[in-house]
Amino acid sequence: MTREVTPEMLSTRLGRLWGYVVFNYIDHAYLRVWWTNLDEIAPGVWRSNQPGPRRVRRMYKRLGIKTILLLRGSGTGTHLNFEIEATRDAGITLKTINLSARSAYPASAFLDLLDLFETMERPFLMHCKSGADRAGIASALYLLSIGKPLSDARKMLSFRYFHLKSIRTGILDVMLDHYEEDLANGPIGIREWLSTRYDDARLQREFDQGRRHGKAWP
């Protein structure tokens, strides 16, 4: 059977059963039953890993979450269809945006993310699959957007959330390094930096070459 379980498939008993198999064992949801990576990074702003339907309906409704931002995009994944159902049942608004943890993304994607931060109803929660990398950079950008120092933003990409700097996801840390480099020339807000100075091609090139501002990477 297919790994992509559609809403039509979920309407049948057999399709729903297969959907839970795909979600738990192919998307690794069984690992996230007790491990949530849930953290409130600012008043009314939370981050976590991919929740199952029960967590959305019970825990997140109890927390008063009004909006969930899915950082895995709006494709046809089984996780998305389960989350659409669960948020609808819980009366929570679901937003989606597609980010990458292993390659440089264009500034437009991050600017769209900042726009969402300004318009989403709070309390809101953002999540990716593991809650380590895409949720980490999104959390970092949120803190920077509300004027928190870069040192606080960097904490969002740490082993506390199981983010690893020494593999491909380390490109997110290099992105913050580039921002720090430009901050040395004078204050610049994260939105202005993304609009005028962020260079995704340079970021990808430096990372692929194993460089980090003249130092061996990692």
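Trainee: What does Arg191 count as in terms of accessibility?
Mentor: Arg191 is partly exposed, at 30% relative accessibility. Here buried means under 20% relative accessible area, exposed means over 50%, and partly exposed is in between, with a 1.4 Å probe and protein chains only. This is a predicted model, where local features need pLDDT of at least 70 and side-chain atom pairs count only at pLDDT 80 or more, while totals for chains, interfaces and linings use all residues. Residues are numbered from 1 along each chain as its sequence is written, and side-chain values use heavy atoms, with hydrogens and water left out.

Trainee: Which residue forms a salt bridge with Arg191?
Mentor: Asp115, with the closest N and O atoms 3.1 Å apart. A salt bridge here is a side-chain nitrogen of Lys or Arg within 4 Å of a carboxyl oxygen of Asp or Glu. The pair links distant parts of the chain, with Asp115 in helix α5 (residues 107–119) and Arg191 in helix α9 (residues 190–196), 76 residues apart. Helices (H or I, at least four residues) and strands (E, at least two) are DSSP runs numbered from the N terminus. Asp115 is partly exposed too, at 35%.

Trainee: How many salt bridges are there by that rule?
Mentor: The count is 12. Among them is Arg160 with Asp39, closest N and O atoms 3.3 Å apart. Arg160 lies in the loop between α7 (150–154) and α8 (171–183) and Asp39 in strand β1 (residues 39–42), so the pair ties together parts 121 residues apart in sequence.

Trainee: And Asp39, buried or exposed?
Mentor: Buried, at 15% relative accessibility. Arg160 is exposed, at 57%.

Trainee: Switching to rings. How many aromatic pairs does a search of the whole structure find?
Mentor: Eight. One of them is Trp35 with Phe162, edge-to-face, 5.5 Å centre to centre and 85° between the planes. Trp35 lies in the loop between α2 (13–26) and β1 and Phe162 in the loop between α7 and α8, so this pair ties together parts 127 residues apart in sequence. Rings of Phe, Tyr and Trp (its six-membered ring) pair if their centres lie within 6.5 Å; planes under 30 degrees apart count as stacked, over 60 as edge-to-face, the rest as tilted.

Trainee: Which residues form an aromatic cluster?
Mentor: Phe110, Tyr179, Trp193 and Tyr198 form one.

Trainee: Which residue lies over the face of Tyr161?
Mentor: Arg47, at 3.6 Å from the ring centre. The rule asks for NZ of Lys or CZ of Arg within 6 Å of the ring centre and within 35 degrees of the ring normal.
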